[in-house]
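Student: Could we go through this structure together? I would like to begin with how the terms are set.

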Amino acid sequence: MLGTDALGLAELRAGLSAADVTRLPARWAERSPNELAGHLTAAGNPAATRGSGRLAVAAVLRGRLVGTADYERIAGSDDAVVALVVEAAHRGRGLGLLLLEHLIAAARERGVSHLVADLRAGDDRALRVFHAAGFAGAETRPRTPRQDGAGQDGAGGVRVVFPTAQTSRTRGISRALEQRAEARSIARLLTPRAVAVVGASRQPGSAGHEVFRRLLASDFHGPVYPVNPAARQVASVYAYPDVREIPDAVDLAVIAVPAPAVADAVRACAEKDVRGLIVVSAGFAEAGPDGRARLAEVTRLARESGMRLIGPNAMGVINTDPAVRLHATFAAGDPPVGRVGAFTQSGALAGTFLTEASRRAIGLSTFVSTGDRSDVSANDVLQYWQSDPHTDVIMLHLQGFGNPRKFARIARRVGRRKPVIALKSGRSAADPALDALFTSAGVIRVDTLSQLFDLAALLASQPLPAGRRVGVVGTSSALAALATDACRTAGLEVPPFSTATAEALSDTLGRPEPANPVDLGAMAAPERFERALRAVAASADVDAVLALITPHPAVEELARAVRAVAGSGRVPVVASYLGYDGMPSALAAPGDGIATPAPGSVPSFASPESAALALARAAGHAAWRSREQGTVPTLNRLDLDRARRAAAAGPTDGTWLPQELVGDILGGVGLAVWPSEPVTTAAQALDTAERLGWPVALKIADERFRGRLDVGAVRLGVEGPGALAEAWRTIRAAVGPGDMVVQPMAPAGVSTVIRMTQDPAIGPLLSLRLGGAVADLLVDPLARALPITDRDAAEMVRGIRGAVLLVGGAGTPAADTAALEDVLHRLARLAEEVPAVAEVLLDPVLVGRPGVVLLHAGVRLLPPGTDPESLPRRMTGSGVEYFR
């Protein structure tokens, strides 16, 4: 490998300008390529120990080395000097930032405390890169000669310093860099300057023909090139036999050729320097081993060539921005222009999405169908929508998660400004875990496609409700009663009106003390209907208004009255036209041609139940958004290396770890398990009890009977040899032979159970419930996905069934809930930092006044090769790897 590395380094250095060469550190400038390769690829470097003096990371694009970042330790110090080299053609793409991010992570793992970079005076470009990577806020000082430990003359510039320890600041920098890079890569797919359709057919109905036709019909702002070796023209447009023969640059290629030919098409696109691919061809993940092998090859080729890939089996993408007008799908239907971003993994459902959006007048900003999701995922598109000024509401149809922890982190951040609605298909036993993920991330979960579009229509046109109080105004008492029941079933209130509101309504209705709901009668005049709606919407008694409309001679006038109130009020207004689903034209506010539905339009629902459910979910999201998000607290007493070493030493066959390893793993995050010693004979039990001190607890060691006072497997408060002998005989008679455990008696407290599990579909989950035999049978645990903020932990403690035992009240004293929350935070930190841990069970945790006691703890590890991804991010579409 040394010769290959040397050749790559030589080519990289040969491509640098004279000015670039003057900025190189001595270890680059004064060595030949072979010497430099040998220096950077010193034996053992890839698996370097904490004392390793050198490390290099490299960016490889299409087999070529296009950038490196390396460090070399300063003699006698934990600091190291950084060198960053990026080929000129690839600067400005975020590659330097990504290399630095990987280098920082590698340096932290290897015990380097600070990375320093010596920059020459006037080298503003390099200074901007290092500042963007986070070097700027740590320390900047004038360079002095010979400071870098590698022989470089440091005169005439600055030295910037970066502490490698992870902090909230460094994590924030890393995530901001990640968001910008991924959003930019998706923007290139959705805003191309030129598009080629590889496999553009002359046969109507074929995928290639329909994609090409729709690109032309959408009035795409740039050129569209058909590629077909068997035709001179497609749809009267000159066709090229090969994408490489197109004379101009191509940003996006839609590939619609048979599956066996896709890899060759991808290679051709790579040679053409295409930046993004959409593969609509089938015959991959769904086609057995051969299809999966084709998928792996296509994905590898795209990544090695620096191309983002949507598909295979994708329906394509749409961007309705008038400045772009991209419709690169073969689905029927043109959605209205609007401010809703839509994502579906299913190509088959893409047509339904577009048809339903048109029928309900839900305008889309962008639409993405990813199919096999080999590269681009919902996470990537969420990163794009976060900063997209044209998108205000996001709707997702998900079949699975690529990186659930990342999804939770991104969705939580995006949802603070833009509601995220998700339909997850495939109900299973994992649903409680999925609910925990969505709850933690603030994602609004729906159960059907209809509910997905109901909520999108509401959120795209109306403000979020400030609370759960609904005023109901209609033309039928029977329908009003149904609406009231539906609201209460959905968790909404239909409160009585205040005196002021009742008086205002009395003047309109001509009768005293009108109630909520307001029934105006089947033949209500439109102007009277509008006055009643205004009185209710303007009151301080409600947070939303539901207008009910039955068949009426002046139905259009009633609709205009509803729209007029919605356009001028402070609360969301929705309508239910009995038997009509969608938005009648009279409810649509006149727009500016950019957004559909325009602000002030009123979504209509076929039934009061649908309207109530949508309002309830919108109110729940508003409550989540308005509450303080909280912060992930900084913890003391951490020794994560101790936890990692213990995890590396444990069995990975799914069995519970020995208690000494459990103690080390939990001790690494500052948790201590109550003393517990196994014994096999009554004599051993007596010796142990004498040493630990009376009174003691005697328990059967079998995990099935842990804490089972009800079956006689535990005796508490054992005082003295005689009582111990009797306890031994009693337990033996109750549960039979087996090892026992002796523990000193713990202080009294409320019994709880805390569990951390690595869910295969969702990621780490943290759950809490009350302990004890009855709670084991009756109480479902309250679970949350990571990360856990201080607010999340407090809500978990106060949200479990029986929480009054912890928080106190009605004569019950409060337990030390802060100490319990601290345990939750420490287990969350363990899940983040030691991903090899599959499960931690703390049962029971006694919450006293003050403090907590971990009476028993169990830990299991994941099998080899199944640890969750824990490395820093990979450059999307290019390889970043350690030198070998």
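Tutor: Let us start with accessibility: buried means under 20% relative accessible area, exposed means over 50%, and partly exposed lies in between (1.4 Å probe, protein chains only). By that scale Leu805 counts as partly exposed, at 40% relative accessibility. This is a predicted model, in which local features need pLDDT of at least 70 and side-chain atom pairs count only at pLDDT 80 or more, while totals for chains, interfaces and linings use all residues. Residues are numbered from 1 along each chain as its sequence is written, and side-chain values use heavy atoms, with hydrogens and water left out.

Student: Where does Leu805 lie?

Tutor: Leu805 is in helix H27 (residues 804-807). Helices (H or I, at least four residues) and strands (E, at least two) are DSSP runs, numbered from the N terminus.

Student: Changing topic, how many salt bridges does a search of the whole structure find?

Tutor: The search finds 37 salt bridges. A salt bridge is a side-chain nitrogen of Lys or Arg within 4 Å of a carboxyl oxygen of Asp or Glu.

Student: Why can such side chains pair?

Tutor: Side chains of opposite charge can pair when their charged atoms come close.

Student: Which residue forms a salt bridge with Arg193?

Tutor: Asp251 does, and the closest N and O atoms are 3.0 Å apart. The pair links distant parts of the chain, 58 residues apart: Arg193 is in the loop between helix H7 (168-190) and strand S7 (195-198), and Asp251 is in the loop between strand S10 (237-238) and strand S11 (252-255).

Student: And is Asp251 buried or exposed?

Tutor: Asp251 is buried, with a relative accessible area of 9%, whereas Arg193 is exposed, at 59%.

Student: What about Asp447 and Arg617?

Tutor: Their side chains meet in a salt bridge (3.2 Å, N to O). This pair also links distant parts of the chain, 170 residues apart, with Asp447 in the loop between strand S20 (444-446) and helix H15 (449-461) and Arg617 in helix H20 (residues 608-626). Arg617 is buried, with a relative accessible area of 18%, while Asp447 is partly exposed at 38%.

Student: Which residues are linked in a network of salt bridges?

Tutor: Arg412, Arg627, Arg791, Asp792 and Glu795 are. Within this group, the side chains of Glu795 and Arg791 meet at 3.3 Å, N to O. These two are four residues apart in helix H26 (residues 790-799), so about one helical turn separates them. Glu795 is partly exposed at 27%, and Arg791 is partly exposed at 31%.
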